[in-house]
Amino acid sequence: MQNAANLPAAAIAARFERYDVAIVGGGLAGLYAIHRLRKQGLRVRAFEAGSGVGGTWFWNRYPGARCDVESLQYSYSFSDELQQEWSWPERYPTQPEILKYIEHVAERFDLVRDVQLDTRVLSAEFDNATAMWTLKTDRGHVVTAPYCIMATGNLSTPRLPDIPGVQSFQGDWYHSGLWPHEGVDFTGRRVGVIGTGSSGIQMIPIIAQQAAHLFVFQRTANFSMPAHNGPMDAQQEREFKSNYPKLREAARNSPAGIVDYPPPEKSAMEVSAEERERTYEERWRHGTIVGMLSAYKDLLVNKDANDTAAEFIRKKIRGIVRDPKVAELLCPTDHPLASKRPCLDSHYFETYNRDNVTLVDVRSDPIAAITPRGVRTGKAEYALATLVFATGFDAMTGAMHEIDIRAKDGPTLAERWAQGPQTYLGIMVAGLPNLFMVTGPGSPSVYAQMIMGIEYHIDWIADCLGHARSHGHTRIEAELDAEQAWGEHVQQVAAGTLIPRANSWYVGANIPGKPRVFMLYVGGFDRYKRRCDRVAADGYVGLRMTG
Ligand code: FAD
Ligand code: NAP
């Protein structure tokens, strides 16, 4: 048996590594963390389970995968040269375009040399005596660092539904979040897609064009609007590029981290039905989610107001889908608009007018089993050659729960969060000193443009480390009282809105046994940023710095 004593010196150096900051994840967050912390003179290393950088955009290669924030906004802002020189070919970027961009950034800023690919972090333990984290990987690394950043992603743990027989299926099957790099050819095949969230809604129109027949298994109809995607508008690109600093600043000080329409001043209930119709029609044609949701100031807080926008979208669906029964099934009626993530699509509802597409309502007739031949509901069996799971993720907490994170002799993070995640600002956890999360539970996370949230968190963490070091502190820990107060605030803000009302992944409802706790801060990115800025300006209140 080998041990450190009989390994050659080089192998020992390769297996036992020491850095100032260990980063878990090589997506947009992990990469920016390397760049930002290096500038601060810190020795950093990121560990990434995938065989390439890019995170979400490395894994989610399903047909039609694209961002639903405009490319000029869904991009890093930290380098003006980068944002000036990069050209996005379309209004909404495709997955390959985003991946190309991330790979370019990783090369341009020489980040790749500090990413250890194909390496999964299995555990992270904090030793109170030495104030050091030790991370262990599935490739035998033992990494010590005073600080650890979990850049593990909110939507990085794909989930298969717990339908009996999943493994018995004898055709080909795929999950949207683990898509094969060589792609999938659906030509001439009988294909089933389970799931009509954002991933399903993007892939269904494209698979329908190839498949002999497509069966869509829908449990919950979703709100979706046309993206009106197209080639990049040269005028818009020029305007953005000549005003980037101002526009980025405006985005950081907006509720969704996106510049679009000015903030709404009116209630949907104080205008006439005709005026509402005109406004919704304009927003529908404009093609942004934030545009529709910000049409009136009370759409997310007043059910009557929300109903007006929801009914507008239902009318659109009824106008597009020719078969009235299918149209009715596609109309979301069981949750308020935006209580599940609304979608942007390209010809989604039109797809149901095709002869080779069948919508199977598995709300009224649930899937009983996956069989070797296909999908069996209570009433019928659908023979399939290919089955696609667009069934989502163990969101927000899944990736961190998969790592054994603890302070020595203390409970694991999963045990601490058994009743739902508790964090201070979505960045730190009481009892786990020197551990930081990027866009963690309790922060705006996916309720704002994510790259902006990522950059903000990493800058905040870098400043916090700088502050601690300049004051001679080696240990930074969230105070339990501050964490509890933040947790209560997050819940209180959410309770004042309609957003927690659906059985969504926002509340963990998609994972059997997961505690139902609303996991996002939905008070607006602008308010969140003001709060975090103030915490820092006041000397990091709520954090105990010692050592
Ligand atoms: P990720 O990109 O998820 O990267 C995390 C990385 O950590 C992954 O590569 C994973 O392999 C790695 N990792 C996790 N655990 C471990 C471990 N134990 N050891 C080693 N590595 C590990 N956001 C928007 O704002 N707008 C959008 O339109 C949008 N569209 C999306 C579309 C899809 C299909 C999905 C799934 C998400 C979308 N998002 C969108 C959210 C998206 O996740 C973020 O925008 C962003 O890419 C997150 O970057 P990240 O680096 O924080 O996390
Ligand atoms: P999702 O939103 O969680 O959707 C999963 C779908 O699978 C839902 O329709 C769900 O139905 C269905 N499902 C799960 N288990 C099922 C079962 N046993 N039987 C039948 N149906 C089942 O997952 P996602 O579509 O992958 O999206 C996740 C998140 O990623 C999005 O909310 C978004 O934040 C991000 N994303 C964004 C884009 C984009 O356009 N930019 C694209 C993809 C993903 P129920 O609703 O009934 O549970």
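Predicted model: local features only at pLDDT ≥ 70, side-chain atom pairs only at ≥ 80, totals over all residues.
**Ligand 2**

I started with an oxygen atom of ligand 2 and found it 3.0 Å from a polar backbone atom of Ser198.

Next I looked up the side chains. Thr220 puts a polar side-chain atom 2.4 Å from an oxygen atom of ligand 2. Trp505 has an N or O atom in its side chain 2.9 Å from an oxygen atom of ligand 2. I then checked the cover: on its own ligand 2 has 910 Å² of accessible area, and the protein covers 88% of it.

Who else is around? I got 24 residues surrounding ligand 2, with Ser199, Arg219, Thr220, Lys340 and Trp505 as the closest. Sorted by class, that shell holds nine nonpolar, nine polar and six charged residues. Which helix gives the most to the shell? I noted helix α6, residues 198-210, with three residues.

**Second largest pocket**

I moved on to empty space. Rolling a probe the size of a water molecule over the atoms shows where such space is left. The second largest pocket has about 430 Å³ of it. I counted 24 lining residues, and those nearest the centre of the pocket are Pro205, Ala227, Asp345, Ser346 and His347. By class I wrote down eleven nonpolar, eight polar and five charged residues for the lining.

**Ligand 1**

Last, I went to ligand 1. Which residues are closest to ligand 1? My list reads Glu48, Thr56, Asp68, Tyr74 and Val121, out of 32 residues that surround it.

I looked at some backbone contacts. A polar backbone atom of Ala29 is 2.9 Å from an oxygen atom of ligand 1. For nitrogen atoms of ligand 1, I found a backbone N or O atom of Val121 at 2.9 Å and one of Phe47 at 3.5 Å. How much of ligand 1 does the protein bury? Taken alone, ligand 1 exposes 980 Å², and the protein buries 95% of that.

Then I checked the elements. At least two residues of the shell around ligand 1 come from each of α2 (28-39), α3 (56-59) and α14 (450-470). Helix α3 has the largest share, three residues. My class tally for this shell is 18 nonpolar, ten polar and four charged residues.

Definitions and conventions
Residues numbered from 1 in each chain as written. Chains lettered and ligands numbered in written order. Heavy atoms only, no water. Near = heavy atom within 4 Å. Polar contact = N/O pair within 3.5 Å; in protein donor to acceptor, adjacent residues only side chain to side chain. Areas by Shrake-Rupley, 256 points an atom, 1.4 Å probe, with all protein chains shown as cover. Helix = DSSP H or I, 4+ residues; strand = E, 2+ residues; numbered from the N terminus. Nonpolar A, V, L, I, M, F, W, Y, C, P; charged D, E, K, R; others polar. 1 Å grid on protein atoms, 1.4 Å probe; cavity = no way out; pocket = protein on both sides within 12 Å on 5 of 7 lines; lining within 4 Å. Points joined across faces, edges and corners; volume = space filled by probe spheres on them.
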